[in-house]
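Hello,

Please open it first, then read the notes below it.

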Amino acid sequence: SNPLHRQVHQDMQQPLCHYFIASSHNTYLSGDQLLSQSRADMYARVLQAGCRCVEVDCWDGPDGEPVVHHGYTLTSKILFRDVAETINKYAFIKNEFPVILSIENHCSIQQQKKIAQYLKEIFGDKLDLSCVSTGDPRQLPSPQDLKGKILVKV
């Protein structure tokens with residue numbers, strides 16, 4: 001394969017909203033969205049394939065541990081913590097541009113606090129905690145500014 005095909009040739013200094021972002025829907029599922037297995041390694045697969053926005057559907061789990069699965073279906077459940085650790089391990093192996101966690105939150109306040117704790121513990125300095133409060137999308141940071149960062153979208 002041609003090594004030039006692995007290089008970015010666009011201007012990556014524009015606001016984030018100026019770009020199409022490779023996104024994954026129901027990232028955790030290994031098959032159909034009714035009966036299949038939820039697996040943390042699916043995040044490793046899509047991140048290494050170039051995906052930069054992954055979906056994480058969070059629900060209250062047993063023993064105060066939030067889980068990821070497709071709600072109201074028979075898909076299996078995986079621990080949120082395992083998903084976050086997998087994302088942390090594989091987010092920037094193939095590409096330094098930011099990873100967006102698209103969190104679909106169905107959790108109680110108690111388990112939301114646990115999710116926030118895991119995000120801070122597992123991602124550390126990679127977690128971008130800056131708040132974009134402006135209504136002006138031209139004020140968003142660029143992909144270049146956010147290299148190596150994990151963003152949370154809820």
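Start with Tyr72, which is exposed, with a relative accessible area of 78%. The cut-off for that label is over 50%. Tyr72 sits in the loop between β2 and β3 (78-79). Its phi is positive, near 60 degrees, and Tyr72 is not a glycine. Keep in mind that this is a predicted model.

**A buried counterpart**

Asn26 has a positive phi too, about 50 degrees, and is likewise a residue other than glycine. Look for Asn26 in the segment before α1. Is Asn26 buried or exposed? Asn26 has a relative accessibility of 8%, so it counts as buried, since buried means under 20%.

**Helix α1**

Helix α1 spans residues 41-48. Its buried residues are Met42, Tyr43, Ala44, Val46 and Leu47. After α1 comes Gly50. The phi of Gly50 is positive as well, near 110 degrees.

**The whole chain**

Now the overall picture. The protein has three helices and five strands. Read from the N terminus, the order is α-β-β-β-α-β-α-β.

How does the radius of gyration fit a compact globule? The protein has 154 residues, and for that length a compact globule would come out near 15 Å. The protein has 16 Å, so the value agrees. Along the principal axes, the C-alpha atoms fill a box of roughly 45 × 40 × 25 Å.

Taking contacts with a separation of 6 or more, 71% join residues 24 or more positions apart. Of the 154 residues, 40% are buried.

**Surface and charge**

The accessible surface comes to about 9100 Å². Carbon and sulfur atoms hold 52% of that surface. On charge, the protein carries 16 positive and 17 negative.

**Where to look**

If you have only a minute, compare two residues. Tyr72 is exposed, whereas Asn26 is buried. Then go to α1 and its buried residues, among them Met42 and Leu47.

Best wishes

How values were computed
Residues numbered from 1 in each chain as written. Predicted model: local features only at pLDDT ≥ 70, side-chain atom pairs only at ≥ 80, totals over all residues. Heavy atoms only, no water. Helix = DSSP H or I, 4+ residues; strand = E, 2+ residues; numbered from the N terminus. Rg over C-alpha atoms; globule rule 2.2 N^0.38 Å. Buried < 20%, exposed > 50% of the residue type's maximum accessible area, 1.4 Å probe, protein only. Contact = heavy atoms within 4.5 Å. Areas by Shrake-Rupley, 256 points an atom, 1.4 Å probe, with all protein chains shown as cover. Lys, Arg positive; Asp, Glu negative; His and termini not counted. Charge placed at Lys NZ, Arg CZ, Asp CG, Glu CD.
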